[in-house]
Amino acid sequence: MSRTTPPRPVDIASLFPELAPLARQAVRLHPRAGVPSVHDSSVGGPLLWPSDEQWPTCAQEQPPLEAARLPR
């Protein structure tokens, strides 16, 4: 099933002509919930990780979470 985005109610390029050269075509995704099996991708579903394989970890020391946040 193909889905499209309806036309915009306002033509932005006519209101703000300086933005017209910046216009680009885009692809809008319409994700749907699913139930992936072991043969499907886990994108958007449960992560399928081999039970006999260890979860990856990083031994490098990390800064506190507060230090990584951007100021508001």
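Guide: Val27 has a relative accessible area of 73% and is exposed. Please bear in mind that this is a predicted model.

Visitor: Why is Val27 called exposed?

Guide: The term exposed requires a relative accessible area over 50%. Val27 has 73%, therefore it is exposed.

Visitor: Where does Val27 lie?

Guide: Val27 is in the loop between H1 and helix H2, the latter covering residues 65–68. Its C-alpha atom is separated by 9.8 Å from that of Thr5, and the two residues are 22 apart along the chain.

Visitor: Why does Leu15 count as exposed?

Guide: Its relative accessibility is 52%, and the cut-off is over 50%; Leu15 therefore counts as exposed. This residue belongs to helix H1, which spans residues 12–15.

Visitor: Which residues make the nonpolar surface patch?

Guide: The patch is made by Val10, Ile12, Leu15, Phe16, Leu19 and Leu22, and amounts to about 550 Å².

Visitor: What share of the residues in the chain is buried?

Guide: Buried means under 20% relative accessible area, and buried residues account for 1% of the 72 residues in the chain. The chain exposes about 7,700 Å², of which carbon and sulfur atoms supply 59%.

Visitor: How many helices and strands are there in the chain?

Guide: The chain has two helices and zero strands.

Note on methods:
Residues numbered from 1 in each chain as written. Predicted model: local features only at pLDDT ≥ 70, side-chain atom pairs only at ≥ 80, totals over all residues. Heavy atoms only, no water. Patch = residues over 30% accessible without salt bridge, like charges linked within 9 Å, V, L, I, M, F, W, Y side chains within 5 Å. Areas by Shrake-Rupley, 256 points an atom, 1.4 Å probe, with all protein chains shown as cover. Salt bridge = Lys/Arg side-chain N within 4 Å of Asp/Glu carboxyl O. Helix = DSSP H or I, 4+ residues; strand = E, 2+ residues; numbered from the N terminus. Buried < 20%, exposed > 50% of the residue type's maximum accessible area, 1.4 Å probe, protein only.
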